[in-house]
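Welcome! Please take a moment to look over the sequence and the structure shown here, and then read on for a short tour.

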Amino acid sequence: MKRDWDLIRKILLKLEEKADNTSFLENDVFDGVSPTIVNYHYKLLEQAGLITLEDLSDLDGENYVALSLTWQGHEFLDKIRSDNIWNKIKNAAKAKSLDLSFDVIKSICATLITSILSGD
């Protein structure tokens, strides 16, 4: 299964919106996206250290709920929160014929931030 960076961003934004740490984000809250795909992305985000999750899997299959962003999750989301910046990241990667990856996104973010701070 291929990573869906737009879904990853939506998950991070949705987790940040949660009212408190006692609630959780189930895998069926993203309209039009199957719970299987959301589960896969929850697991990827947990492996990357960006979210905490609870594993509710049983004999019927994998099932996760996202609990919260980690410090690194907040830091990463802060870099990609703006729709304008997110679109610039995707366009820059596409223009350079690069697949989006965690490292590519962070690198483009650093370049954009440097450009913004220097007034370019």
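## Contacts along the chain

Among contacts in the chain between residues at least 6 apart in sequence, what percentage join residues at least 24 apart? The share is 50%, where a contact means heavy atoms within 4.5 Å.

Before going further, please keep in mind that this is a predicted model, in which local features need pLDDT of at least 70 and side-chain atom pairs count only at pLDDT 80 or more, while totals for chains, interfaces and linings use all residues. Residues are numbered from 1 along each chain as its sequence is written, and side-chain values use heavy atoms, with hydrogens and water left out.

## Overall layout

The chain has five helices and two strands, and along the sequence these follow the pattern α-α-β-β-α-α-α. Here helices (H or I, at least four residues) and strands (E, at least two) are DSSP runs, numbered from the N terminus. The C-alpha trace spans about 55 × 30 × 25 Å along its principal axes.

The accessible surface of the chain comes to about 7600 Å², with areas taken from the Shrake-Rupley method with a 1.4 Å probe; for residues, only the protein chains shown count as cover. Carbon and sulfur atoms account for 50% of that surface. Of the 120 residues in the chain, 32% are buried. In this report buried means under 20% relative accessible area, exposed means over 50%, and partly exposed lies in between (1.4 Å probe, protein chains only).

## Charges and salt bridges

The chain carries 14 positive and 20 negative side chains; Lys and Arg count as positive and Asp and Glu as negative, while His and the chain ends are not counted. The centres of the two sets lie 10 Å apart, with the place of each charge taken as NZ of Lys, CZ of Arg, CG of Asp or CD of Glu.

The structure holds six salt bridges, each a side-chain nitrogen of Lys or Arg within 4 Å of a carboxyl oxygen of Asp or Glu. One of them joins the side chains of Arg9 and Asp83, at 2.7 Å from N to O. This pair links distant parts of the chain, with Arg9 in helix α1 (residues 5–17) and Asp83 in helix α4 (residues 83–95), 74 residues apart. Arg9 counts as buried because its relative accessible area is 10%.

Another salt bridge is formed by Asp78 and Arg81, whose closest N and O atoms are 2.4 Å apart. With Glu16, these residues are linked in a network of salt bridges. Asp78 has a relative accessible area of 47%, so Asp78 is partly exposed; Arg81, at 29%, is partly exposed as well.

## A nonpolar patch

Which residues make a nonpolar surface patch of about 270 Å²? They are Met1, Ile37 and Tyr40. Patches are made of residues with over 30% relative accessible area and no salt bridge: like charges are joined within 9 Å, nonpolar side chains (Val, Leu, Ile, Met, Phe, Trp, Tyr) within 5 Å.

Tyr40 is found in helix α2 (residues 35–47). With a relative accessibility of 31%, Tyr40 counts as partly exposed.

## Leucines and a loop serine

Is Leu15 buried or exposed? Leu15, which lies in helix α1, counts as buried because its relative accessibility is 5%. The C-alpha atoms of Leu15 and Leu69 are separated by 6.5 Å, although the two residues are 54 apart along the chain. Leu59, in the loop between β1 (51–55) and β2 (64–69), is exposed, with a relative accessible area of 89%. Leu59 and Leu45 are 14 residues apart in sequence and 23 Å apart in space, C-alpha to C-alpha.

Finally, look at Ser97, in the loop between α4 and α5 (102–118). Phi of Ser97 is near 55°, a positive value in a residue other than glycine. Most residues other than glycine have a negative phi. Ser97 counts as exposed because its relative accessibility is 69%.
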